[in-house]
Amino acid sequence: MQTSSTPLIVSKIACIGAGYVGGPTMTVIANKCHDIQVVIYDMNQHRIDEWNSDHLPIYEPGLEELVFERRGKNLHFTTDYAQVVDADIIFLSVNTPTKYYGVGKGRAADLKYIESCARQLRDTIKSGRKIIVEKSTVPIRTSIAVKRILESGDSQAQFDILSNPEFLAEGTAISDLNAPDRVLIGGESDYAIQALSSVYARWVPKENIITTNLWSSELSKLVANCMLAQRISSMNAISALCEKTGADVQQVSYAVGKDTRIGAKFLQASVGFGGSCFQKDILNLVYLAEHYNLPEVAKYFYGIIEINDYQRDRFAKKVIHKLFNTVSNKKICILGFAFKKNTSDTRESSTIYICKSLLEERAQICIYDPKVTENQMRYDLKSLMNDSYGGDFSAISETSPESELVSKNVKVFSDPYEAMADAHAILVLTEWDEFKTYDYQRVFDSMKKPANLFDGRNILDREQLEQIGFEVYQIGKQEKNLADW
Ligand code: UDX
Ligand code: ADP
């Protein structure tokens, strides 16, 4: 540890990257610290314009109110890089997607955005002392790379690098930020750790602010996400066994989670986990293990992904099988495109993968989601269908057979009842609360018979639906006629 100099009184914080992480995190800091000027910079003008408008670029419960409260006071969204350089603390909150090319393709995190941020900082900050905080999820040892870039030029500035991983979950970002289980700060410089801790200490109890070395901090983030995903994959694996044996996965989950050593959270079987973090972080860990020649470790964690893929595929196959082994030209209504409720984010949503399987079987897909835009849905489906998901969308041809299939066979609705009318089957793929409130008698009357309902989130009242006349499948629950399966 370096010896600390005069403690820094933080008066300005900047964040590079106005996304799902940077936007909410900085908004909460601005709300908690009125005396600190908070600037969020992004190179994407459109995104910044949206942050400065009445329609924010991301949906997150409670976010809008907080932004409107502090915007123009101590919270600023800008494309003017000059606003970044005079901040005391600069957060890096840019995207770190899985690489889709070259060495580590499909495994390693692509650090090109982080790297370009570091180069820009090096080239623009020539003097003084700056605290650079890694907020994006990154593979361990990234901070060394950032440090080496920052120190590689002719800058006289002193840079202190901290890792401060984000544990917020989308949909609950504001409450997670307001009352975090812990804030983790990794670094070597006492001066920097104290400065960042003093910001969080305005609202987070001191005992919940954990300080570690850089490597522990970076690795802890990956491990936390792997373990959360592992719990879900365990229940998803067991859901398949439940369907064969007649056990009920929700009962098993409840009974298992009651053990305080295990706990109840993240044990809900589903159509498979999605989101921008879980898969990426597991792949990061797998890549690291392979890199350090630890194949058993890599294989152990890769199993979490394999079960997730299996669960998505199993669900799609079940739909096809139940619809008499063909969905060709059958109208299938998809309820929910976001990867979880209360977010407009679709990254790695299981819906995209399930739709792909059904489109390949030539189903007519009708989608309703309360928050996801039609453009986003078509973008995701075309990317995956053309094997370019997470890759270069500009390389996709609008006239490829896969793109044409999406254009012709996918309809998007703003009214759920219209999306469900005349359908052979409804698939509930996101757990939006409003799906529980629909008039299912009205839905049933408007559907083709037999009316099939596949509840991929186990949120609907099965008994009531069966009384209406639906044929219901729920994850990890025995079918009415087990022999059918
Ligand atoms: C996750 C971590 O929770 C968060 O700490 C980290 O900072 C970022 O990654 P997020 O991806 O926003 O957050 O969502 P999360 O709530 O973890 O859900 C991930 C996926 O798992 C969703 O698709 C969700 O529907 C699914 N899930 C979650 C289940 O299938 N079952 C569960 O029991 C819980
Ligand atoms: P996350 O979920 O990690 O917040 P997002 O994709 O939602 O990821 O947001 C990342 C943001 O970072 C995007 O708005 C992108 O434009 C921005 N970004 C990426 N690289 C840079 C950069 N070098 N300078 C400024 N902004 C960047």
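Trainee: Which classes of residue make up the shell around ligand 1?

Mentor: Ala, Val, Leu, Ile, Met, Phe, Trp, Tyr, Cys and Pro count as nonpolar, Asp, Glu, Lys and Arg as charged, and the others, Gly among them, as polar. The shell around ligand 1 has 11 nonpolar, four polar and five charged residues. Before going on: this is a predicted model, where local features need pLDDT of at least 70 and side-chain atom pairs count only at pLDDT 80 or more, while totals for chains, interfaces and linings use all residues. Residues are numbered from 1 along each chain as its sequence is written, chains are lettered from A and ligands numbered from 1 in the order in which they are written, and side-chain values use heavy atoms, with hydrogens and water left out.

Trainee: Which residues are the closest to ligand 1?

Mentor: A residue is near a molecule if one of its heavy atoms lies within 4 Å of it. Ligand 1 is surrounded by 20 residues, and the closest are Phe167, Glu170, Ser270, Phe339 and Arg457. Helix H9 (residues 214-245) contributes the most, four residues; helices (H or I, at least four residues) and strands (E, at least two) are DSSP runs, numbered from the N terminus.

Trainee: Which polar backbone atom and which side chain approach an oxygen atom of ligand 1 at 2.7 Å?

Mentor: A polar contact with a ligand is a pair of N or O atoms within 3.5 Å. Here a polar backbone atom of Glu170 is 2.7 Å from a ligand 1 oxygen, and an N or O atom in the side chain of Arg457 is 2.7 Å from a ligand 1 oxygen. The protein buries 91% of the 670 Å² that ligand 1 exposes alone, with areas from the Shrake-Rupley method and a 1.4 Å probe.

Trainee: What contacts an oxygen atom of ligand 2?

Mentor: A polar side-chain atom of Arg47 lies 2.8 Å from one, and for Val21 a polar backbone atom is 2.9 Å from one. The protein covers 90% of the 580 Å² that ligand 2 has on its own. Helix H5 (residues 112-124) gives the largest share of this shell, three residues.

Trainee: And the sheet: what is its strand order?

Mentor: Strands of a sheet pair through backbone hydrogen bonds, either parallel or antiparallel. Two strands pair if DSSP finds at least two bridges between them. This open sheet of eight strands runs E3-E2-E1-E4-E5-E6-E7-E8, with mixed pairing. Its edge strands are E3 (75-78) and E8 (209-212). Strands E1 (residues 12-16) and E4 (residues 89-92) pair in the parallel sense over four bridges, and Cys15 has Phe91 in E4 as its bridge partner.

Key
A polar contact is a pair of N or O atoms within 3.5 Å; within protein, one must be able to donate a hydrogen and the other to accept it, and residues adjacent in sequence count only if both atoms are side-chain atoms.
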